[in-house]
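User: I'm new to this one, could you walk me through it?
Analyst: Gladly; here it is, and we can start with the terms.
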Amino acid sequence: MSNNKKQKRLCNAEALFAYEKQLYNEGARIVVGIDEVGRGPIAGPVSAAAVVLGAGWQPISGLCDSKQLSAAKREELSTQLTESVHSSHITHVDAAYIDDHGIMPALRLAMQRAVEGLSLGLGRDGGDGEVLDEVPSKILIDGLPLKLFEQEEAIVKGDSKIACIAAASIIAKVARDKLMTEASLDYPAYHFDSNKGYASVVHRQAIAKFGLTPLHRKSFCRNFLQESLW
(Lines give C-alpha, C1' and ligand atoms only; values in the text may rest on other atoms or scores of the structure.)
Protein backbone atom coordinates (compact mmCIF):
# COMPACT_ATOMS: atom_id res chain seq x y z
CA MET A 1 0.00 0.00 0.00
CA SER A 2 1.33 3.46 -0.91
CA ASN A 3 2.11 6.02 1.79
CA ASN A 4 -0.74 8.20 0.49
CA LYS A 5 -3.26 5.36 0.89
CA LYS A 6 -1.95 4.53 4.36
CA GLN A 7 -2.27 8.16 5.38
CA LYS A 8 -5.81 8.35 3.99
CA ARG A 9 -6.87 5.26 5.95
CA LEU A 10 -5.26 6.64 9.11
CA CYS A 11 -7.04 9.96 8.60
CA ASN A 12 -10.33 8.10 8.24
CA ALA A 13 -9.68 6.36 11.56
CA GLU A 14 -8.92 9.72 13.16
CA ALA A 15 -12.23 11.06 11.81
CA LEU A 16 -14.05 8.08 13.33
CA PHE A 17 -12.47 8.87 16.69
CA ALA A 18 -13.42 12.57 16.56
CA TYR A 19 -16.73 12.30 18.44
CA GLU A 20 -15.24 10.21 21.25
CA LYS A 21 -12.32 12.62 21.49
CA GLN A 22 -14.83 15.47 21.83
CA LEU A 23 -16.66 13.61 24.61
CA TYR A 24 -13.41 13.02 26.49
CA ASN A 25 -12.39 16.65 26.05
CA GLU A 26 -15.76 17.65 27.53
CA GLY A 27 -15.06 15.60 30.64
CA ALA A 28 -16.23 12.07 29.89
CA ARG A 29 -14.28 9.44 31.80
CA ILE A 30 -15.42 6.31 29.95
CA VAL A 31 -17.03 6.07 26.50
CA VAL A 32 -18.27 2.61 25.54
CA GLY A 33 -19.08 1.43 22.03
CA ILE A 34 -21.30 -1.61 21.45
CA ASP A 35 -22.15 -3.60 18.34
CA GLU A 36 -23.66 -6.99 17.67
CA VAL A 37 -23.36 -9.70 15.05
CA GLY A 38 -25.41 -12.79 14.31
CA ARG A 39 -28.92 -11.41 14.26
CA GLY A 40 -29.82 -13.12 10.98
CA PRO A 41 -28.20 -16.61 10.96
CA ILE A 42 -30.24 -19.77 11.47
CA ALA A 43 -27.50 -21.36 13.59
CA GLY A 44 -25.10 -20.19 16.25
CA PRO A 45 -25.25 -17.43 18.84
CA VAL A 46 -25.96 -13.76 18.67
CA SER A 47 -22.81 -12.00 19.84
CA ALA A 48 -22.03 -8.53 21.14
CA ALA A 49 -18.82 -6.71 21.92
CA ALA A 50 -18.37 -3.68 24.15
CA VAL A 51 -15.23 -1.61 23.67
CA VAL A 52 -13.62 1.30 25.49
CA LEU A 53 -10.87 2.83 23.39
CA GLY A 54 -9.89 5.37 26.03
CA ALA A 55 -9.01 9.05 25.79
CA GLY A 56 -5.41 8.36 24.82
CA TRP A 57 -6.15 5.79 22.12
CA GLN A 58 -4.10 6.12 18.95
CA PRO A 59 -6.18 5.60 15.77
CA ILE A 60 -5.38 2.44 13.81
CA SER A 61 -5.12 2.57 10.03
CA GLY A 62 -7.91 0.76 8.25
CA LEU A 63 -10.48 0.89 11.05
CA CYS A 64 -14.00 0.89 9.63
CA ASP A 65 -17.27 -1.04 9.65
CA SER A 66 -16.46 -4.77 9.79
CA LYS A 67 -18.75 -5.47 6.82
CA GLN A 68 -16.42 -3.48 4.57
CA LEU A 69 -13.38 -5.59 5.46
CA SER A 70 -12.06 -8.93 4.31
CA ALA A 71 -11.89 -11.74 6.86
CA ALA A 72 -8.09 -11.47 6.95
CA LYS A 73 -8.19 -7.72 7.55
CA ARG A 74 -10.81 -8.11 10.28
CA GLU A 75 -8.62 -10.62 12.09
CA GLU A 76 -5.59 -8.35 11.78
CA LEU A 77 -7.49 -5.34 13.11
CA SER A 78 -9.13 -7.37 15.89
CA THR A 79 -5.69 -8.34 17.18
CA GLN A 80 -4.45 -4.74 17.00
CA LEU A 81 -7.57 -3.44 18.71
CA THR A 82 -7.52 -6.02 21.50
CA GLU A 83 -3.95 -4.99 22.28
CA SER A 84 -4.56 -1.24 22.11
CA VAL A 85 -7.96 -0.57 23.68
CA HIS A 86 -8.51 0.28 27.34
CA SER A 87 -11.04 -2.55 27.75
CA SER A 88 -13.18 -4.92 25.67
CA HIS A 89 -15.55 -7.77 26.37
CA ILE A 90 -17.44 -10.20 24.12
CA THR A 91 -20.61 -12.08 25.00
CA HIS A 92 -22.44 -14.84 23.14
CA VAL A 93 -26.09 -15.78 23.71
CA ASP A 94 -26.88 -19.24 22.39
CA ALA A 95 -29.56 -20.61 20.09
CA ALA A 96 -31.56 -22.15 22.96
CA TYR A 97 -32.04 -18.73 24.55
CA ILE A 98 -33.01 -17.25 21.18
CA ASP A 99 -35.64 -19.98 20.70
CA ASP A 100 -37.01 -19.53 24.22
CA HIS A 101 -37.08 -15.73 24.34
CA GLY A 102 -36.70 -14.33 20.82
CA ILE A 103 -33.89 -12.62 18.96
CA MET A 104 -34.36 -9.12 20.40
CA PRO A 105 -34.28 -10.20 24.07
CA ALA A 106 -31.19 -12.27 23.21
CA LEU A 107 -29.59 -9.27 21.55
CA ARG A 108 -30.35 -7.04 24.51
CA LEU A 109 -28.94 -9.62 26.92
CA ALA A 110 -25.75 -9.95 24.88
CA MET A 111 -25.25 -6.18 24.92
CA GLN A 112 -25.93 -5.88 28.66
CA ARG A 113 -23.52 -8.69 29.49
CA ALA A 114 -20.88 -7.21 27.20
CA VAL A 115 -20.96 -3.91 29.08
CA GLU A 116 -21.09 -5.63 32.48
CA GLY A 117 -18.00 -7.64 31.55
CA LEU A 118 -15.84 -4.61 30.86
CA SER A 119 -12.96 -3.84 33.19
CA LEU A 120 -13.35 -0.12 33.75
CA GLY A 121 -10.92 0.56 36.57
CA LEU A 122 -8.87 3.69 35.89
CA GLY A 123 -6.55 3.26 38.84
CA ARG A 124 -8.49 5.33 41.37
CA ASP A 125 -7.74 4.29 44.92
CA GLY A 126 -10.78 3.64 47.08
CA GLY A 127 -8.82 4.37 50.24
CA ASP A 128 -7.74 0.84 51.11
CA GLY A 129 -5.77 0.06 48.01
CA GLU A 130 -8.87 -1.04 46.11
CA VAL A 131 -9.15 0.07 42.49
CA LEU A 132 -12.60 1.51 41.92
CA ASP A 133 -14.47 0.80 38.70
CA GLU A 134 -15.87 3.67 36.70
CA VAL A 135 -19.45 4.01 35.53
CA PRO A 136 -19.54 4.71 31.76
CA SER A 137 -20.15 8.35 30.92
CA LYS A 138 -21.64 7.46 27.54
CA ILE A 139 -22.63 4.19 25.87
CA LEU A 140 -22.79 4.44 22.09
CA ILE A 141 -24.76 1.76 20.24
CA ASP A 142 -25.20 1.07 16.57
CA GLY A 143 -28.68 1.51 15.17
CA LEU A 144 -31.93 2.61 16.79
CA PRO A 145 -32.45 3.28 20.53
CA LEU A 146 -32.81 0.18 22.70
CA LYS A 147 -33.23 2.00 26.03
CA LEU A 148 -30.91 -0.48 27.70
CA PHE A 149 -28.71 2.03 29.48
CA GLU A 150 -29.24 5.40 31.10
CA GLN A 151 -26.15 6.71 29.28
CA GLU A 152 -27.19 5.24 25.92
CA GLU A 153 -26.86 7.16 22.67
CA ALA A 154 -28.00 5.36 19.52
CA ILE A 155 -26.27 6.24 16.26
CA VAL A 156 -27.68 4.96 12.97
CA LYS A 157 -24.85 3.38 10.94
CA GLY A 158 -22.64 4.00 13.94
CA ASP A 159 -20.26 1.24 12.88
CA SER A 160 -19.23 3.44 9.94
CA LYS A 161 -19.17 6.71 11.92
CA ILE A 162 -17.80 6.05 15.41
CA ALA A 163 -14.45 4.42 16.20
CA CYS A 164 -15.48 2.48 19.32
CA ILE A 165 -18.56 1.06 17.57
CA ALA A 166 -16.49 0.11 14.51
CA ALA A 167 -14.00 -1.58 16.85
CA ALA A 168 -16.82 -3.46 18.58
CA SER A 169 -18.22 -4.59 15.22
CA ILE A 170 -14.84 -6.03 14.21
CA ILE A 171 -14.12 -7.75 17.53
CA ALA A 172 -17.61 -9.26 17.72
CA LYS A 173 -17.53 -10.48 14.13
CA VAL A 174 -14.12 -12.14 14.47
CA ALA A 175 -15.08 -13.80 17.76
CA ARG A 176 -18.35 -15.20 16.41
CA ASP A 177 -16.75 -16.37 13.16
CA LYS A 178 -14.13 -18.24 15.19
CA LEU A 179 -16.86 -20.00 17.18
CA MET A 180 -18.64 -21.09 14.03
CA THR A 181 -15.40 -22.28 12.42
CA GLU A 182 -14.70 -24.38 15.51
CA ALA A 183 -18.27 -25.72 15.38
CA SER A 184 -17.67 -26.97 11.84
CA LEU A 185 -15.23 -29.52 13.27
CA ASP A 186 -18.08 -31.09 15.24
CA TYR A 187 -20.66 -30.70 12.46
CA PRO A 188 -18.72 -30.80 9.15
CA ALA A 189 -21.79 -31.53 7.01
CA TYR A 190 -23.21 -28.06 7.71
CA HIS A 191 -20.11 -26.12 6.57
CA PHE A 192 -20.32 -23.62 9.42
CA ASP A 193 -16.75 -22.57 8.63
CA SER A 194 -17.90 -21.01 5.36
CA ASN A 195 -21.52 -19.99 6.01
CA LYS A 196 -21.08 -18.98 9.69
CA GLY A 197 -24.61 -20.20 10.38
CA TYR A 198 -26.35 -18.20 7.66
CA ALA A 199 -28.91 -19.93 5.44
CA SER A 200 -26.76 -20.78 2.43
CA VAL A 201 -28.05 -23.37 -0.04
CA VAL A 202 -25.51 -25.94 1.15
CA HIS A 203 -26.46 -25.29 4.77
CA ARG A 204 -30.17 -25.69 4.06
CA GLN A 205 -29.54 -28.87 2.10
CA ALA A 206 -27.62 -30.28 5.08
CA ILE A 207 -30.58 -29.51 7.36
CA ALA A 208 -32.91 -31.30 4.95
CA LYS A 209 -30.65 -34.35 4.90
CA PHE A 210 -29.37 -34.54 8.47
CA GLY A 211 -31.79 -32.47 10.54
CA LEU A 212 -30.98 -29.83 13.13
CA THR A 213 -28.04 -29.65 15.52
CA PRO A 214 -28.07 -28.12 19.02
CA LEU A 215 -26.59 -25.00 17.41
CA HIS A 216 -29.62 -24.40 15.22
CA ARG A 217 -32.27 -21.84 16.06
CA LYS A 218 -35.31 -24.04 15.68
CA SER A 219 -37.63 -21.02 15.53
CA PHE A 220 -35.61 -19.68 12.57
CA CYS A 221 -35.52 -23.04 10.76
CA ARG A 222 -39.23 -23.85 11.02
CA ASN A 223 -40.07 -22.40 7.61
CA PHE A 224 -37.16 -24.17 5.97
CA LEU A 225 -38.37 -27.51 7.31
CA GLN A 226 -41.97 -26.89 6.27
CA GLU A 227 -41.44 -25.45 2.81
CA SER A 228 -39.90 -27.00 -0.28
CA LEU A 229 -36.95 -24.64 -0.56
CA TRP A 230 -34.29 -27.20 -1.40
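Analyst: Contact here means heavy atoms within 4.5 Å, and helices (H or I, at least four residues) and strands (E, at least two) are DSSP runs, numbered from the N terminus. This is a predicted model, in which local features need pLDDT of at least 70 and side-chain atom pairs count only at pLDDT 80 or more, while totals for chains, interfaces and linings use all residues. Residues are numbered from 1 along each chain as its sequence is written, and side-chain values use heavy atoms, with hydrogens and water left out.

User: Okay, what does helix α2 lie across?
Analyst: Helix α2, residues 18-25, lies across β1, β2, β6 (138-142) and β7, and runs at about 165° to β6. For such angles, axes are lines fitted to C-alpha atoms, for helices over the stretch in contact, and the values run from 0 to 180 degrees between N-to-C directions.

User: And what order do the strands of the sheet have?
Analyst: The five strands form an open sheet in the order β3-β2-β1-β6-β7, with mixed pairing, where two strands pair if DSSP finds at least two bridges between them. Because β3 and β7 (152-155) stand at the edges with a single partner strand each, one side of each is left without a neighbour in the sheet.

User: How many bridges join β2 to β3?
Analyst: Seven bridges join β2 to β3 (residues 87-93), and the two run antiparallel; V46, for instance, has V93 as its bridge partner in β3. Strand β1 (residues 31-37) is also antiparallel to β2, joined by five bridges, and E36 has A48 as its partner in β2.

User: Is β2 mostly covered or exposed, and which way do its residues point?
Analyst: Strand β2 (residues 46-52) is mostly covered, with seven of its seven residues buried, meaning under 20% relative accessible area, whereas exposed is over 50% and partly exposed lies in between (1.4 Å probe, protein chains only). V46, A48, A50 and V52 point one way, while S47, A49 and V51 point the other way. In a regular strand the side chains alternate between the two faces of the sheet.

User: Switching topic, at what angle do α3 and α6 pack?
Analyst: Helix α3 (residues 71-84) and helix α6 (residues 163-186) pack at about 115°, with their axes 9 Å apart. The contact involves residues including L77 and L81 of α3 and I170 and V174 of α6.
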